[in-house]
Amino acid sequence: MSNTYFQFKQFTVNQERCAMKVGTDGVVLGVLADAYEPSYILDIGTGTGLVALMMAQRFSQAVVDAVEIVEEAAQQAEENASNSKFASRIHIYQSDINIYRASHRYDLIVSNPPYFCNSLLNPDEARATARHTQSLSYENLVDAAARLINVNGVFAVIVPSEAREQLRYLCELSNLHLISETYIRTTERKQPKRIVMQFVNGKAEKLVQHTLTLQDSTGKLTPEFELLTHDFYLDK
């Protein structure tokens with residue numbers, strides 16, 4: 001049985017009413033997504049509110065808007081945000097991103113989207129919505145990002161490695177250009193299963209590529225990942 005909450009250094013994420021619990025994908029996106037002094041940040045498909053909370057912690061001057069289509073998850077994200085020290089800067093909206101509108105554009109847009117494109121649907125409707133792209137296709141995600149992003153804004157997303165070409169193609173069609181990609185592997189012996197891709201709504205100078213290994217052979221966090229998560233994970 002999953003824990004009903006996950007304790008970070010500066011905030012707590014309650015998750016008993018969310019289909020998708022706190023996971024490594026969200027944490028990895030939260031530590032890697034980056035933009036220069038963003039004023040407005042958008043988290044698409046916020047779930048528990050984890051990534052929105054991480055953005056608020058990392059970017060202390062930014063206002064963070066977070067959109068979630070599932071009502072119970074949106075309510076839980078609202079509670080998590082309200083109970084944090086960042087409450088005044090995080091706004092949770094229960095909405096379909098396809099119809100979401102904002103009075104401003106965003107300097108940084110982040111998303112840990114559904115990713116099981118072709119697998120059998122989970123009988124649990126909420127969990128299926130959280131995990132399958134029938135509720136948020138990559139096409140819809142990119143369209144929303146392109147519509148809501150600021151000039152020179154950054155769109156950061158974590159997807160399965162095999163989705164790389166599709167996502168890059170869709171972003172290029174929307175004039176979002178790949179500037180960095182980080183391949184995520186659990187250990188050195190395993191192939192990367194996830195990739196964090198960052199696109200800019202503007203001129204891309206060059207593509208920066210990197211591989212991040214999460215654990216060493218004993219199961220401990222690698223020094224690189226430990227450094228990245230130092231401000232978030234509780235000290236062991």
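Does N175 count as buried, exposed or partly exposed, and at what relative accessibility? N175 counts as partly exposed, at 49% relative accessibility; point 8 returns to this residue.

1. Basis. This is a predicted model, in which local features need pLDDT of at least 70 and side-chain atom pairs count only at pLDDT 80 or more, while totals for chains, interfaces and linings use all residues. Residues are numbered from 1 along each chain as its sequence is written, and side-chain values use heavy atoms, with hydrogens and water left out. Helices (H or I, at least four residues) and strands (E, at least two) are DSSP runs numbered from the N terminus.

2. The sheet. Eight strands make up an open sheet with mixed pairing, in the order β5-β4-β3-β6-β7-β9-β8-β10. Two strands pair if DSSP finds at least two bridges between them. The edges are β5 (90-94) and β10 (208-213); each has a single partner strand, so one side of each is left without a neighbour in the sheet. From one strand to the next the twist averages 15°.

3. Pairings. β3 and β6 run parallel and are paired over four bridges, with D43 standing opposite V110 in β6. β6 is joined to β7, also in the parallel sense, by five bridges; here the bridge partner of L108 is V154 in β7. Strands β8 (residues 177-185) and β9 (residues 194-200) are antiparallel and share seven bridges. Within β9, M197 is the bridge partner of E181.

4. Burial. Buried means under 20% relative accessible area, exposed over 50%, and partly exposed in between (1.4 Å probe, protein chains only). β6 is mostly covered, with six of its six residues buried. Helix α1 is also mostly covered, eight of its nine residues being buried. Those buried residues of α1 are D25, G26, V27, V28, L29, G30, V31 and L32.

5. Helices on the sheet. Contact means heavy atoms within 4.5 Å. Axes are lines fitted to C-alpha atoms, for helices over the stretch in contact, and angles run from 0 to 180 degrees between N-to-C directions. Helix α2 (residues 50-58) lies across β3 (40-44), β4 (63-68), β5 and β6 (106-111), and runs at about 175° to β4. Helix α6 lies across β7 (149-160), β8, β9 and β10, at about 10° to β9.

6. The α5/α6 pair. Helix α5 (residues 138-148) packs on helix α6 (residues 164-173) at an angle of about 40°, the axes being 10 Å apart. On the α5 side the contact uses Y138, E139 and V142, and on the α6 side Q166, L167, L170 and C171. By class these are five nonpolar, one polar and one charged residues. Ala, Val, Leu, Ile, Met, Phe, Trp, Tyr, Cys and Pro count as nonpolar, Asp, Glu, Lys and Arg as charged, and the others, Gly among them, as polar.

7. Two buried residues. L42 is in strand β3 and counts as buried because its relative accessibility is 0%. Its C-alpha atom is separated by 4.8 Å from that of D65, 23 residues apart along the chain. Leaving aside neighbours within four places in sequence, L42 is in contact with D65, V67, I97, Y100, Y106, L108, I109, V110 and L148. Q15 is placed in the loop between β2 (12-14) and α1 (24-32) and, at 3% relative accessibility, counts as buried. The Q15 side chain reaches the backbone nitrogen of V22 at 2.7 Å. With neighbours within four places in sequence again left out, the contacts of Q15 are N3, T4, Y5, K21, V22, T48 and Q76.

8. Backbone points to check. Most residues other than glycine have a negative phi. E37, in the loop between α1 and β3, has a positive phi near 45°. E37 counts as exposed because its relative accessibility is 60%. N175 lies in the loop between α6 and β8, and its phi is also positive, near 60°. At 49% relative accessibility, N175 counts as partly exposed.

Terms used. Polar contact = N/O pair within 3.5 Å; in protein donor to acceptor, adjacent residues only side chain to side chain.
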